[in-house]
Amino acid sequence: MSEVQRITVLGATGSIGLSTLDVISRHPGRYQVFALSGFSRLAELEVLCLRHRPRFAVVADEDGARHLRGGLLAAGLDTRVLVGEGGLCEVAAHPDVDVVMAAIVGAAGLKPTLAAVEAGKKVLLANKEALVMSGALFMQAVRRSGAVLLPIDSEHNAIFQCLPNDYSRGLGTVGVRRILLTASGGPFREMPLAGLSDVTPEQACAHPNWSMGRKISVDSASMMNKGLELIEACWLFDARPEQVEVVIHPQSVIHSLVDYVDGSVLAQLGNPDMRTPISHALSWPERIDSGVAPLDLFKVGRLDFQEPDELRFPCLRLARQAAQAGGTAPAMLNAANEVAVAAFLERRIRFTEIASIIGEVLNLEPVETVESLDVVLTADARARALAEEWLYRHGR
Ligand code: NAD
Ligand code: MG
């Protein structure tokens, strides 16, 4: 490949966004930053703009835009600063863009990520919530537009690497029996169950192996992250929920495995550093240096595996139920989880109440067939309202 690839990084100020820019900086002749977005940490976004000189930057509101424009102009940069969801969709679908890194956290990333897919871009998907919410519509849009969708989530990237080149006619046709989705088990894997109701946001965000944004860190602690990933795997690889087994593997060295009918089990291993899946997807089908240290198996020493305990991790059970129910259930699961996690991070609820809120929302709201994006967005709004109602009722 000789032409420079122009990249939009949605969520550039986040953990995945920064890792992406780190990889891009290692290959200046190969990649060029076209647009960067950030909705908080505007000073950091300005520094990133000065370093990468994008054609566009996108921020949350006019105030932020004015501020950023001022800073960039003073530095002699002619970066255009756009605002809000409209701006995000514009830089995601712009005709001059080759690659879009979808790394906004949560439902806020849905429309911009879909815009990139509909414009037929090469889409690097970190924003799992977008796919969980709108799975069927999202995958239809991929097929219709010819977008190239590559998973950034380390597990799905690992599975993709362990599958043959063409599995488009179904996993059964290429001899896959099961997908084994690995999970570290998070910081509370061994904590006595009674202690779980008193854990703090700081404890939940202190992941033993990965450094990540706060929302996904809490999701990892509750294992809702694995639940969302189970749903993500079903859509990406056209698998049924019962074909995806979750395996706790505390070292996070094996990033996932594929079990074939002949008894072969293929795994992808590496140090837990998101620059590996990011580099893999960026350069696919080639390989480039990511800056990640080589895996030292002598240092790793041993690899352990355990069955997940659904009593400890009720969110995993709720996600599996939502995957099986289909329709709007995953969108409601995701929305209720977003409200509950934000409330936990604000110290308004206990860690164990995250699952109580999601369970109640899923029980109250009937599942509908997803026929349009409107149906998804209505289910999302309804689930958020029900979760807020729970908070209100419990005086939080
Ligand atoms: P983060 O919190 O570090 O960064 C989130 C980014 O999204 C920031 O740039 C923020 O400004 C932007 N953002 C937040 N709210 C927004 C809104 N309302 N509108 C527009 N932009 C908004 O999160 P992260 O850890 O980088 O995760 C990003 C996504 O990648 C998530 O969906 C997460 O599940 C997924 N992911 C992350 C990791 C990881 O190691 N961090 C691994 C796998 C998947
Ligand atoms: Mg993951």
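Which helix holds Phe298? Select residues 297-300: this is helix H12, and Phe298 is found in it. Helices here are DSSP runs of H or I with at least four residues, numbered from the N terminus.

The model is predicted, so local features need pLDDT of at least 70 and side-chain atom pairs count only at pLDDT 80 or more, while totals for chains, interfaces and linings use all residues. Residues are numbered from 1 along each chain as its sequence is written, chains are lettered from A and ligands numbered from 1 in the order in which they are written, and side-chain values use heavy atoms, with hydrogens and water left out.

**Stop 1: Phe298**

Stay on Phe298. Phe298 counts as exposed because its relative accessibility is 82%. Exposed means over 50% relative accessible area, buried under 20%, and partly exposed in between (1.4 Å probe, protein chains only).

**Stop 2: helix H11**

Select residues 275-283, which form helix H11. Of its 9 residues, 8 are buried. Among them are Arg275, Pro277, His280 and Leu282.

**Stop 3: ligand 1**

Select ligand 1 and show what lies around it. The shell holds 22 residues, and the closest are Thr13, Ser15, Phe39, Glu129 and Gly213. A residue belongs here if one of its heavy atoms lies within 4 Å of the ligand. The shell divides into 11 nonpolar, 8 polar and 3 charged residues. Ala, Val, Leu, Ile, Met, Phe, Trp, Tyr, Cys and Pro count as nonpolar, Asp, Glu, Lys and Arg as charged, and the others, Gly among them, as polar.

Colour helix H1 (15-25) and helix H6 (128-145): each supplies at least two residues of the shell. Then colour domain 1 (5-151) and domain 2 (152-324); both give residues to the shell, so ligand 1 lies between them. These bounds come from an automatic or database domain assignment.

Next, look at the oxygen atoms of ligand 1. One is 2.8 Å from a polar backbone atom of Phe39. A backbone N or O atom of Gly213 lies 2.9 Å from an oxygen atom of the ligand. The protein covers 87% of the 830 Å² of accessible area that ligand 1 has on its own, by the Shrake-Rupley method with a 1.4 Å probe.

**Stop 4: the magnesium ion**

Select ligand 2, the magnesium ion. Asp153 (OD), Glu155 (OE) and Glu229 (OE) coordinate it at 2.1 to 2.2 Å. Donors are N, O and S atoms within 2.8 Å of the metal (3.2 Å for Na, K and Ca); water is not among the atoms, so sites may look incomplete. Asp153 and Glu155 are both buried.

How values were computed
A polar contact is a pair of N or O atoms within 3.5 Å; within protein, one must be able to donate a hydrogen and the other to accept it, and residues adjacent in sequence count only if both atoms are side-chain atoms.
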